[in-house]
Amino acid sequence: MLKKYILSFVVASLFFASAFSQDNMNNIRLGIIANPNVSWLKSDVSRIQGDGSRIGFNIGLMVDKFFAEHYAFTTGLSIHSIGGTLKYRDEKVLNASSEDYILPAGSRVQYNLQYLHIPWGLKFKTTEIGYTTFFGQLGVNTMINIKARANVKGQNISKEGVGEEINLFYMGYHFSGGVEYKIVGNTALILGVTYMNGFTDITQKSDEKTLMHCFEIRLGVVF
């Protein structure tokens, strides 16, 4: 399964790299994003329940390559902080970097995760109305875990490294919409919303699947 997702990532990377290399890099717009978000985790088994969200940020760069007046391939590179809390109804073994903790039934583990995030998608824009342009976007997320910490309330466990519990690669999808407000020339402010969900399991547990859900306020500047 992991090989399939890696292959999909490579194919998508080659496709978009080809698209962005055409026409001597014409019709390209760059931007900076700083998106506050709220994320939460959800398991597909009843013994593990989502039990709280996490507020984070998605900060980085975006790139749009227009292949027609109102259509663009879009990608970027950002540091994405997400996470959430899971409640374990049964006894839980937490695989931490310092030691393995045996947690009693009913324990709540807060996961604070950080990813290198590379989105791939299509953007659709309207004709400019005054200084305003509306857009919609959909695509996939390819993410590489770069930090994983956990806190357990009532167990004196704080900021423990739990990289062994988290998959290195994560893939999902997103769709978003919003407006661009032109300031001067090609420079515009972005305001929008984005929803993200997952395809693959965030954790390395083979007997259950945990997905990440995320709602983001999209803020940025494009040039």
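These legends go with a set of close-up views of a predicted model.

Residues are numbered from 1 along each chain as its sequence is written. Local features need pLDDT of at least 70 and side-chain atom pairs pLDDT 80 or more, while totals for chains, interfaces and linings use all residues, and side-chain values rest on heavy atoms, with hydrogens and water left out.

View 1. Helices (H or I, at least four residues) and strands (E, at least two) are DSSP runs, numbered from the N terminus. Of the 223 residues, 47% are buried, meaning under 20% relative accessible area with a 1.4 Å probe, protein chains only.

**View 2. S176 sits in strand 10, residues 169–184.** S176 is buried, at 10% relative accessible area. Its side chain makes a 3.1 Å polar contact with that of R218; such a contact is a pair of N or O atoms within 3.5 Å, one able to donate a hydrogen and the other to accept it, and residues adjacent in sequence count only if both atoms are side-chain atoms. Beyond neighbours within four places in sequence, S176 has contacts (heavy atoms within 4.5 Å) with F135, G136, Q137, V193, T194 and R218.

**View 3. Strand 10 pairs antiparallel with strand 11, residues 187–198, over twelve bridges.** Pairing takes at least two DSSP bridges. Here V179 stands opposite L191. Two residues lie between the strands of this hairpin, and G185 has a positive phi near 60°.

**View 4. Strand 11 also pairs antiparallel with strand 12, residues 210–222, over nine bridges.** M196 has C214 in strand 12 as its bridge partner.

Note on methods. Buried means under 20% relative accessible area, exposed over 50%, partly exposed in between (1.4 Å probe, protein chains only).
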